[in-house]
Amino acid sequence: MKKLLTTTILLAIVISYLLLSYVNKPTLVQETAMQLSQNKSFLTFINSLSEKNVAAAAKKKGLVTTGSWTDRENRYDIFTNQQAQQIDQNPSQYLSDAIEVIKNSNYDQSQKMYTIIMMQHLPIKEYLSFMETVNTAFEEGIITDKFVFIEAIKPNLALKSTTQDYWDDPMWIKQFKRNANKVLSTSQIESILNGDYVTNSPY
């Protein structure tokens with residue numbers, strides 16, 4: 001009887017442990033977020049591109065610059081950097097951190113511009129989520145540079161972005177139209193929505 005009682009107690013302890021482990025087990029989404037949050041290479045790179053850090057690095061070389069993306073002759077020169085190329089080739093891996101940069105006011109407009117540029121080859125479903133974050137950041141005054149915002153909502157033909165193939169997709173149109181009239185002219189919006197912008201592109 002005593003042996004049976006001991007066995008029952010041990011079995012109860014094991015079952016309780018297993019149940020607690022199951023209840024506290026992170027979901028697949030949580031596991032993915034945890035893995036992505038451990039990937040600090042993106043944020044380290046973006047921090048190096050802050051206007052403050054870029055200006056400080058230029059000063060050491062005897063150059064004068066505000067550090068803004070607008071100082072660059074071509075903002076896409078960022079892809080001369082090997083790490084930027086790597087992010088561009090595997091954007092999904094960095095999406096969680098990219099979203100953090102967009103929605104956080106501690107990151108400046110240049111950092112947001114470079115983040116948007118490096119996310120141009122996300123799969124369309126992921127880009128729509130990213131685009132939604134950009135729209136919200138614009139509405140909340142976190143994205144204040146209208147050209148940074150335009151970079152995210154307009155199909156990027158120079159970079160052959162994912163979105164240039166989805167100009168007629170209802171979900172993309174919904175995100176595009178959300179704030180397009182605040183930064184683009186009526187003729188620009190019509191050109192994009194009727195496909196002229198993409199089909200008549202020189203790229």
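Which loop does Trp69 lie in? Select it and you'll find yourself between α4 (51–60) and α5, where helices are DSSP runs of H or I with at least four residues, numbered from the N terminus. Before going on: this is a predicted model, with local features needing pLDDT of at least 70 and side-chain atom pairs counting only at pLDDT 80 or more, while totals for chains, interfaces and linings use all residues. Residues are numbered from 1 along each chain as its sequence is written, and side-chain values use heavy atoms, leaving out hydrogens and water.

**Stop 1: Trp69.** Trp69 is buried, with a relative accessible area of 9% (buried means under 20%, with a 1.4 Å probe and protein chains only). Now show its contacts (heavy atoms within 4.5 Å): leaving aside residues up to four places away in sequence, Trp69 touches Arg75, Gln109, Ser110, Met113, Tyr114, Asp145, Phe147 and Val148. Gln109 is 40 residues away along the chain, yet its C-alpha atom is 8.1 Å from that of Trp69.

**Stop 2: helix α3.** Select residues 41–48 and pick out Phe42, Leu43, Phe45 and Ile46, which are buried. Look down the axis: these buried residues fall within an arc of 160 degrees, so they line one face of α3 (the arc is taken from the directions from helix axis to C-beta atoms). They pack against α5 (82–89), α6 (95–103) and α7 (109–118).

**Stop 3: α8 and α9.** Select 124–139 and 146–153; α8 passes α9 in a left-handed crossing (the near helix is turned anticlockwise from the far one by less than a right angle). On the α8 side, the contact is made by Tyr127, Met131, Val134, Asn135 and Phe138; α9 brings Phe149, Glu151, Ala152 and Ile153.

Note on methods:
Buried means under 20% relative accessible area, exposed over 50%, partly exposed in between (1.4 Å probe, protein chains only). Helices (H or I, at least four residues) and strands (E, at least two) are DSSP runs, numbered from the N terminus.
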